[in-house]
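Take a look at the structure below. Then follow the text from its surface to its inside.

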Amino acid sequence: MSEVELKLLLEKQQVPDLLARIERLPDDARRVHESRLLRSIYLDTPDGVLRANGISLRLRRDGRRWLQTVKLNGSIAGGLSRVTEIEQPAPTGAVSVDAIENDEVRDRLRKLVKDAPLQTVAETHIRRTQVDLHLDDGTRAELAVDSGAIKAAGRSENLNELEIELVAGKPVGLYRAARMILPEGALRFSRFSKAARSFLLAEHGHIEPPAGPQRARSVPIGRKDGIHKAARDILQECLAQIAANIEAIQQTDEMEGPHQLRIGLRRLRSALALFAGALEPSAVVHYKKEARWLGREVGRLRDLEVVLNDIAKPFFADAPRSPGAALVLGTLQRHAGEVRTDLRQALSAERVNEFLLGLSELTETGVHEKPPVPGNLRDLASGMLEKRWKHVFAHARGIDAFAVDEKHVLRKELKKLRYAIEFLGPLYAPAGVKRMTGRLKTLQTVFGSLNDAAVADVILSKPPLSSINDLAAQRAIGRLLGTCETRTLYDWPAARDHWKTLKECRPFWKRRAR
């Protein structure tokens, strides 16, 4: 049978709050089962042939019963897991491939396992509180609040997780159920099944990879894909980048985290604009607005850290005895720390949780509700790219006499074009895509330098930097601002030259696509 469930990670302190919220649900909407201990044993061959083929084999002790379960064809994105599950009693308390009742699955495992022994890879010991939920829209779901540990290779790691499994109705009902019971604190999508976590622990010593900045990843869309599939796959990747970098900011001080989160939010806005025809218009407007708001919040920290680490520190390092430098750097450092604290609080608040949950819902359920978009993906992609290209040209008119705000607008249009190319480039011959992307990157690097100088001017000219009551520090700020202005004067002619090189590049989408 097909299993669809929404999986969310919990902090230990969130579990009591979650259980209390479940208790407050109307009596006619829920039926709470007694909590029970589940012991699960995950098995594989010595060379891991089942895992290599995306299959998990589990033996579970549930009360007095033993159950054997095979899971395959699984996927998980935005916390929504879809997997084929074959479960049956195991009266002897031992796993048996020959006893699998599904002929096709049994034959497949026989061919994979052959004569190899099945051995224990890991165990989980989980205390599960189960709740049957009935909503007035016909949704029936099984909530499982799991708290316990995964054990493998002499190691043990705690796990707290909420699973909302669809019993009847549509997947959209899972999101409605989640909104009814989510505890306070940061929302974290679960990216792995318990089986996958067991193998991670056995092989790498952890059940969750350490949080860290995540760059954008290419989405392998193909010419035979429909517009809805392409939209879903690209939005899934945008959400994955956003969610990962939110965790990176919450758990690390790496300055790349805010940078990649801001990129992820910009990519999301570009994807929503590109695929607006496959989505509900009101949803496009809403999530673009929320992404813009969150981008501003993240941008405050990102801009400060750029000024501190990429501009001020290198500048004063060249003049280590510069009077007032230490005070300027210390003020910037403290201010960045305060803004990071504020940002972490915002990222754990309800507005961001709803943004993430709603975006997952849109990606996993909303893309398919619209009727098919006419035309094939290749033709639609060429039209999308041509539109972005014309926008860039329109905003580049009069470039020789641009003011600061006009440079900023053109920079944003160039970003939109680059993101569109990154999304849709797999549909075209790599050489043409690489040529244009390379010229775009070169131009964007110069524009980025110009923007950093403009940001520095704003940050250094307002509190708390402008409020430093020290003449030497204010002189140091003045010297730094002068350097930024000089940098702008030298960079702008280069930007104009790189623009001329880009506009001479023949658009690859006007050539024959693969």
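**A walk through the model**

Asn73 counts as exposed because its relative accessibility is 55%. Exposed means over 50% relative accessible area, buried means under 20%, and partly exposed lies in between (1.4 Å probe, protein chains only). This is a predicted model: local features need pLDDT of at least 70, side-chain atom pairs count only at pLDDT 80 or more, and totals for chains, interfaces and linings use all residues. Residues are numbered from 1 along each chain as its sequence is written, and side-chain values use heavy atoms, with hydrogens and water left out.

Asn73 sits in strand β5. Helices (H or I, at least four residues) and strands (E, at least two) are DSSP runs, numbered from the N terminus. The phi of Asn73 is positive, near 55 degrees, and the residue is not glycine. Most residues other than glycine have a negative phi, and most peptide bonds are trans. Lys114 also has a positive phi, near 55 degrees. Lys114 is in the loop between α3 (103–113) and β7 (119–134). Lys114 is exposed because its relative accessible area is 66%. A cis peptide bond joins Pro463 and Pro464, with omega about 5 degrees. Pro464 belongs to the loop between α13 and α14.

Now look for empty space. Rolling a probe the size of a water molecule over the atoms shows where empty space is left. The search uses a 1 Å grid over the protein atoms alone. A cavity is a set of points where a 1.4 Å probe fits but cannot get out. A pocket is an open set with protein on both sides within 12 Å along at least five of seven lines. Lining residues have an atom within 4 Å of a point. Grid points are joined across faces, edges and corners, and a volume is the space filled by probe spheres set on the points.

The largest pocket holds about 900 Å³. Of its 39 lining residues, Glu3, Arg58, Lys71, Val83 and Ser193 are the closest to its centre. Which strand gives the most to this lining? Strand β5 (residues 65–77) does, with eight residues.

Two cavities of 30 Å³ or more turn up in the whole structure. The largest cavity has a volume of about 60 Å³. Its lining includes Leu8, Gln14, Pro183 and Asn353. The second largest cavity holds about 40 Å³. Helix α6 gives the most to the lining of this second cavity, with three residues.

Next comes the packing. A nonpolar core is a set of buried Ala, Val, Leu, Ile, Met, Phe, Trp, Tyr and Cys residues joined through side-chain atoms within 4.5 Å. The largest has 123 residues, and among the members that touch the most others are Ile242, Leu268 and Phe355. Helix α8 (residues 281–317) supplies the largest share of this core, 14 residues. Another core lies apart from it, with twelve residues, among them Leu50 and Val105.

Contact means heavy atoms within 4.5 Å. Beyond its neighbours within four places in sequence, Phe355 is in contact with residues including Ile242, Leu265 and Tyr287. Arg262 lies in helix α7 (residues 256–274). Is Arg262 buried or exposed? Arg262 counts as buried because its relative accessibility is 14%.

Finish at helix α11 (residues 377–396). Among its buried residues are Leu377, Met384 and Trp389. The elements that cover the buried residues of α11 include α6, α7 and α12 (404–424).

How values were computed:
The expected span of a helix is 1.5 Å times one less than its number of residues.
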